[in-house]
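Subject: Structure handover

Hello,

Here is the structure I promised to pass on. Please open it first, then read my notes below.

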Amino acid sequence: MSATETSLQNFQADIDKWMLENVPKKPGFLLPLTFLEVGTEQQLDFLREWQHKLWSAGFLGMHWPTEYGGQGADPAYQGIVDKALGAHNAPIIFNTIGLNWTGPLLLDVGTEEDRKRYIKNILTGEEIWCQGFSEPDHGSDLGNVQTRAVRDGDEFIVNGSKIWTTLGNYADHMILLARTDTSTARKYDGLSFFLAPMKVAGVEARPIRKVTGEYGFNETFFTDARIPASCLLGDEGGGWRMAMKTLEYERGVIAGQASAHSMQSIGLEDLMDAMHDFERDGAPILEDAMIRDELVKLAIEAKANSISDRRAGIPALNTDYPFGIALSNKYRHTEYARRLKMMGAHVQGAQGALFMEDDKAYMGGFWQRAYFANFGTTIGGGTTQIQANIIGEHVLGLPKS
Amino acid sequence: MSAIIGSKKIDFSEEQGMLLDVAREFVKDKSPGSEVRKLLESEAGFSEPVWQELVDLGWTGINLPESVGGSGLGIAALIPVVESMGKGLMGTPLVSTVLAAELIRRAGGIAEEDVLEDISGGCAATVAYLDGSDWGGTNTGVSVDADGVLSGSKFMVPDAAQATWIAVVGSDAAGDAVVALVAGSDVTAQAQASHALIDLTKRASTLDFTGVKAQRVLSGDKVASAIRDYLLIGALLTAAEAVGSTSACLAGIVDYLKTRKQFGKLIGSFQALKHPTVDIYVGMEHSRSLVYHASSEIDDGPLSTEAEVACRMAKAKASDTIQYAGDRSVQFHGGFGFTWECDSSLFIRRAAWSQQQFGDAMHHRKRLAPLLLDA
């Protein structure tokens with residue numbers, strides 16, 4: 001499908017119609033707002049079925065090649081689908097680590113065999129992916145990964161543990177960063193990158209309870225787990241480069257992701273809706289001067305964020321720091337979202353002190369949960385503070401911390 | 001599309017791109033640090049030959065129609081020029097002049113074309129707006145009688161000493177807002193008292209217009225909206241200038257953090273300095289995005305609500321960002337930062353000046369609230 005203006009407009013109309021007819025109704029349980037929060041079998045089954053439905057209709061990975069399950073279309077089409085998913089408040093497309101990180105990575109640097117083996121099942125939701133980068137003692141210091149993979153003939157024997165493994169207890173595969181050589185001069189050169197099977201002896205994913213009280217990620221233990229050497233992606237010792245590339249997909253620095261709808265976005269409009277339900281000093285809360293100023297500050301930040309994203313596409317307006325806006329994407333958006341959601345709890349007065357389990361909690365504790373859950377995005381994938389280091393060093397040229 | 005966020009338009013024309021390149025080079029060439037320092041002490045605050053070059057480049061008429069000798073490129077074309085001047089802390093009466101042209105053009109009619117021709121031809125002009133310190137006041141305290149004779153004075157009139165034309169905001173006998181066009185030469189030296197400004201690259205005076213006869217008086221239903229638009233465009237141009245100054249301030253901080261050592265380490269490796277510097281950077285990019293967004297929303301007609309929102313957001317964000325940048329620049333330069341000699345002094349002074357032009361961040365956020373929240 002080419003992307004003429006007419007064809008895109010027609011497609012927009014088609015997709016709106018499809019969404020109206022096919023976006024599932026809210027089930028009788030709270031759905032995860034992000035892919036980091038799939039905590040029950042019930043949620044998983046629901047989301048897997050929904051992803052499969054979207055793919056079957058031809059609306060997932062539309063710009064991926066047809067031989068791997070995509071549609072070979074212009075990326076603009078997927079952009080329209082993703083916007084429509086947001087606009088129709090559709091449940092998230094949950095297999096994010098496969099769809100947005102592993103898939104594009106394989107299309108970029110994988111072998112033909114890898115692509116044939118993995119990509120279609122990522123799109124259909126048949127195979128779930130997780131990521132094994134962070135370790136219990138090395139959250140942000142990725143170069144210091146200690147999980148060992150020792151070659152034994154045509155296998156590697158893996159020992160160690162990974163933490164914050166989102167979807168780990170459900171996953172079929174993991175993108176795994178492990179140390180294959182402890183003797184290299186640079187710590188980075190001893191790392192290798194694997195497309196590792198999860199359902200083998202010696203791999204155990206233990207769910208971790210989160211600050212929200214829910215589950216969604218795991219600590220994953222490897223105890224003499226044997227994985228085929230053919231699982232290596234790239235060269236032995238070339239894992240750091242692969243990991244960095246993965247992070248670029250994860251942070252949205254480069255495009256190619258199958259669907260941007262991995263989080264149900266919560267915006268200022270949602271916060272404005274909540275404004276109708278509360279009072280301060282016996283008057284509608286929207287008349288409160290302090291509240292008004294906080295909302296205006298959020299609106300300025302939201303607008304500046306989205307216009308900056310657009311400005312990144314105008315090279316003549318980015319000559320001083322050419323990649324600064326893209327590299328600050330995660331820093332800007334996740335911190336804004338944190339402040340927005342915190343405000344959602346603040347406006348509730350005493351009710352803001354209730355949580356999900358209380359039947360008097362406003363919207364079932366939606367805002368409190370959203371605020372807590374947002375830490376997944378300001379911590380996961382390189383914390384805000386690591387992002388600040390990256391921007392400081394790579395955009396401004398400041399010395400390494 | 002959400003109502004509260006509204007338009008996300010950002011255009012950047014080929015002309016704007018060329019002007020940005022030319023203006024950056026021009027300012028780099030004409031306003032090096034030594035020249036900025038030299039002009040701080042001068043009476044005029046700017047270099048007459050440089051002003052002439054700038055006039056020859058057509059910048060005093062960039063926003064004006066071709067019929068009065070301008071380039072017809074609108075306010076959008078001024079943004080890259082003003083931003084570049086902010087970056088080089090260049091002293092010039094350009095912003096005062098183009099703002100006067102905008103006010104006169106929007107409040108007046110065909111009869112005012114001669115004044116606009118003067119301006120596009122290089123005569124400096126300014127607007128006498130403030131009665132006192134309140135940007136949110138009515139500021140029509142100068143009365144203009146039926147013969148066009150003024151009574152009362154105006155506070156902090158920018159670049160008044162240079163102005164061939166002064167557009168004085170006041171009111172007529174009926175109490176309606178008017179714009180009196182006064183020839184600068186009609187205001188005697190005794191009636192002018194120059195201010196000691198916090199930003200020494202700027203010049204402003206209190207002017208007593210009592211007894212001065214206006215050359216003509218603009219009245220009628222266009223005046224009120226022209227004044228409103230002048231205030232918004234003034235806020236936008238101040239924001240554009242602030243963005244430029246912020247980027248230069250940031251570059252100065254980064255340079256220092258990359259060269260200064262303490263405890264055997266470059267101080268830029270300390271996150272306590274690095275992370276706030278990143279916040280200055282992100283704030284600067286956000287301000288710049290909002291400034292260019294606002295310039296995309298302005299045309300020759302009365303400003304739309306979208307344009308008003310954009311100008312106010314740009315000013316609020318750019319003011320707070322330059323304030324933060326200037327403040328941190330002094331702090332991060334340590335003992336040196338506390339000295340006159342350090343350029344941080346120029347930036348924190350520019351920040352303090354910029355914040356107070358056309359209303360500070362709080363002024364604009366207060367006015368954004370009904371536009372965003374009560375729609």
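What radius of gyration would a compact globule with the 375 residues of chain B have, and what does chain B have? The rule for a compact globule gives a value near 21 Å, and chain B has 21 Å, so the two agree. Please keep in mind that this is a predicted model.

Chain B

Chain B holds 12 helices and 11 strands. Its C-alpha atoms fill a box of roughly 75 × 50 × 35 Å along the principal axes. Of its 375 residues, 54% count as buried. Now take the contacts in chain B with a separation of 6 or more. Residues 24 or more positions apart account for 75% of them.

One helix to look at is α9(B), residues 305-332. It has 28 residues, and at 1.5 Å a residue it should span 40 Å. Just after α9(B) comes B:Gly334, which takes a positive phi of about 60°.

Is B:Asp299 buried or exposed? B:Asp299 has 12 C-beta neighbours inside 10 Å, and a residue with 12 or fewer is exposed, so B:Asp299 counts as exposed. B:Asp299 also pairs up in space with B:Gly74. The two are 225 residues apart in sequence, yet their C-alpha atoms are 6.8 Å apart.

Chain A

Chain A has 12 helices and nine strands. It has 401 residues, for which a compact globule would have a radius of gyration near 21 Å. Chain A comes out at 22 Å, which agrees. Its C-alpha trace spans about 75 × 50 × 50 Å along the principal axes. Buried residues make up 43% of chain A. Among its contacts between residues at least 6 apart in sequence, 72% join residues at least 24 apart.

Where the chains meet

The contact between the chains takes 40 residues from chain A and 36 residues from chain B. Which helix of chain A gives the most to the side that touches chain B? That is α8(A), with 15 residues. Several helices of chain A supply at least two residues each to this side: α7 (268-274), α8 (289-311), α9 (324-327), α10 (329-346) and α12 (384-395). By class, the side of chain A that touches chain B has 21 nonpolar, nine polar and 10 charged residues.

Over to you.

Best wishes

How values were computed: Residues numbered from 1 in each chain as written. Chains lettered and ligands numbered in written order. Predicted model: local features only at pLDDT ≥ 70, side-chain atom pairs only at ≥ 80, totals over all residues. Contact = placed C-beta atoms within 7 Å. Helix = DSSP H or I, 4+ residues; strand = E, 2+ residues; numbered from the N terminus. Nonpolar A, V, L, I, M, F, W, Y, C, P; charged D, E, K, R; others polar. Buried ≥ 20, exposed ≤ 12 C-beta atoms within 10 Å, placed from the backbone. Expected span 1.5 Å × (residues − 1). Rg over C-alpha atoms; globule rule 2.2 N^0.38 Å.
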